[in-house]
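Here is a brisk tour of one protein model. Keep the structure in view while reading.

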Amino acid sequence: MIKSRLIQAAKGDYPADLVLKNGQVIDVFNGEVFQADIAVLDGYIAGVGQYDAAVQTIDLQGQYISPGLINAHCHVESSMACPAVYCMEESRWGVTTLITDPHEIANVSGLSGIQYMLDASAHLPMNYYMQLPSCVPATSFEHAGCTLSANDLMQFAEHPQVLGLGEMMDITGVLGCHADVLHKLDCFSQKIIDGHAPQVGGHALQAYAAAGIQTDHESISYAEAKEKLRAGIAVLIREGSASQNLDVILSGVLKENITTNQLAFCTDDKHLADIRQQGTIRWCIKKAIALGMEPVTAFQLATINAAQIYHLPHLGAIAPGYQADFAVFDNLHDLNVTRVFHKGKEPAFASAPVLPTQPSVHLAPFTAADLVPKLEPDQSYPVIRILPHEIATEKGEYTGTGAQKAIAQGKLCYITVLERHHATGHIGCGLLEGYGLRNGAVATTVAHDSHNLIVAGTNAQDMEIAVREIDRVQGGYTLVRHGKVIDTLPLPIAGLMSPWSAQTLNAKLDKMVAAARQMGVAAWNDPFITLSFMALPVIPKIRITDLGMFDAENFMFYVVPAYQNED
């Protein structure tokens, strides 16, 4: 009967629930803008044209109306906000659909973490879809809280919020035809399978695509993105807090004027404070237009392209039969969002369930001396070199004497990862260049993807205090200087998320970022997000895990005595 009512409303023979009048409709099919009314009934678009009969009428007075924006790949946990708070912030900026991958909480809490994210998002005024985490743990080169098999994941495969399999980071497993990896790919072969292939090209990329990978969000250059597009892989252009790849990719797209239907926007990981200031996908549209992209083309990347890539035929456009999700903008330059509609209604967010606080930090006994490498004067040591605005790193090298001098000068600091899930006692020590820390220590349990405890510092004493503070609050962020805790943000939900409101959480984060800057952390680094990615061994070129300093190009640990982990 709903379809019958919709047909009648489309004909003008039945009053709509809502008519949005005098809007400049962004037509993502024809690439144009035209003025029309939009009739909505039962959460769906009945018709676009001239409509009057309605229970409610809103005059948009010439403002621009777009399909609801789609964030094509994100990790809600990386915002440190629980799903209700995160979705409220996304919604404020015109996003009505999220494609999420909960591998952060799954690495800590396993299946219960996935279930929590589904439960906490089920009744929100947001299309909250999930790609099941394919790599828990991400690699065998670190210790995570849980291990999830294909059979584990299949418990959720038919859930209405689940679209497919999340980013397949185990490139070695794919290319080596490892049985467990192929089993996961086979189980989800009829659904969408996301990729994660940083700097992969040539025959390796061809093999990766042949395995059934359909998307990738790791391109950091236009050449890399273009090669993936040629392999039939949709490119999700990432503009987050730590990785900002939009300018370089779209500059190439515009220069060569290639087809854009397999491009979409995503954030991957974006800090809640950045979302509050910029939005997410709206920010991508604004930057794309500033680069010279036609506004409607930018909106296509933000709406219909993502919907088609993820096989969501009811989303992404303003046309009869589509779900009535809209974002209204005052103009196509400033892109200020004036109204948002989800299923024909302006979203109202209520509180959502919060995972009961459970201990999530389990450390074996340690001393301050365990947290720093024992450097020999003439020995050479590999160093993680941070790149501005990237999560990719370069490899540096210092002698022990040179490293000590560089630490004193504020050019280097120590970096250490402690296994925090099962109290195994694994501790990996190393050196970090480019972080900027001149004194004190920064520690967090947000450390992608296994989320062990990571700490950077200029001296062992402050590092020890920071680690013990994180243990005390059972996860979060902390800053220590001159032997004293400067500030701490507890993250009681798996050591990853807070139930606080966005306003409270952002105020705390702003204060802590400012304090970290006073401690020397470079202005182009997010003090916490940048640090969290130093433990991700699936991103080139060099990382650190609880097992030691890791060569992420050759998938092996550096054999350096001072860096070696002892069980």
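## An exposed aspartate and its partners

Asp52 counts as exposed, at 54% relative accessibility. This is a predicted model. Asp52 forms a salt bridge with Lys21, and the closest N and O atoms are 3.1 Å apart. The pair joins distant parts of the chain, 31 residues apart. Lys21 sits in strand 1 (residues 16-27). Asp52 sits in the loop between strand 3 (44-49) and strand 4 (54-59).

Is Lys21 buried or exposed? Lys21 is buried, with a relative accessible area of 16%. The cut-off for buried is under 20%, so Lys21 falls on that side. Asp37 joins in too: Lys21, Asp37 and Asp52 are linked in a network of salt bridges.

## Other salt bridges

How many salt bridges does the structure hold? The count is 21. Side chains of opposite charge can pair when their charged atoms come close. One of the bridges joins the side chains of Lys11 and Asp13, at 3.6 Å from N to O. Lys11 is exposed, and its relative accessible area is 53%.

Another bridge joins the side chains of Asp268 and Arg238, at 3.0 Å from N to O. This pair also links distant parts of the chain, 30 residues apart. Asp268 lies in the loop between strand 13 (263-266) and helix 11. Arg238 lies in strand 12 (residues 234-238). Both partners are buried: Asp268 has 5% relative accessibility, and Arg238 has 2%.

## Enclosed cavities

A search of the whole structure finds 6 cavities of 30 Å³ or more.

Arg238 is in its lining, along with Pro198, Gln199, Glu218, Ile220, Glu224, Ile391, Ala392 and Ile539. This lining divides into 5 nonpolar, 1 polar and 3 charged residues.

So the bridge between Asp268 and Arg238 has buried ends.

## Open pockets

The largest pocket has a volume of about 590 Å³. Its lining counts 33 residues. Nearest the centre are Ala138, Met169, Asp170, Ile171 and Gly173. Helix 5 (150-153), helix 6 (171-175) and helix 7 (179-187) each give two or more residues to the lining. The classes are 18 nonpolar, 11 polar and 4 charged.

The second largest pocket has about 380 Å³ of space. It is lined by 24 residues, with Ser241, Gln244, Asp274, Arg517 and Asp526 nearest its centre. Which element supplies the largest share of this lining? Helix 11 does, with 4 residues. Helix 12 (281-291) and helix 17 (502-518) each supply at least two. This lining holds 7 nonpolar, 9 polar and 8 charged residues.

## Nonpolar cores

In soluble globular proteins, nonpolar side chains tend to be buried together. Here the largest nonpolar core has 176 residues. Phe265, Phe326 and Tyr435 have the most contacts inside this core. Helix 17 gives the most to it, with 7 residues. Helix 17 also contributes to the lining of the second largest pocket.

A second, separate core has 16 residues. Among them are Ile70, Ile192, Ala234 and Ala306.

How values were computed: Residues numbered from 1 in each chain as written. Predicted model: local features only at pLDDT ≥ 70, side-chain atom pairs only at ≥ 80, totals over all residues. Heavy atoms only, no water. 1 Å grid on protein atoms, 1.4 Å probe; cavity = no way out; pocket = protein on both sides within 12 Å on 5 of 7 lines; lining within 4 Å. Points joined across faces, edges and corners; volume = space filled by probe spheres on them. Nonpolar A, V, L, I, M, F, W, Y, C, P; charged D, E, K, R; others polar. Core = buried A, V, L, I, M, F, W, Y, C linked by side-chain atoms within 4.5 Å. Buried < 20%, exposed > 50% of the residue type's maximum accessible area, 1.4 Å probe, protein only. Salt bridge = Lys/Arg side-chain N within 4 Å of Asp/Glu carboxyl O.
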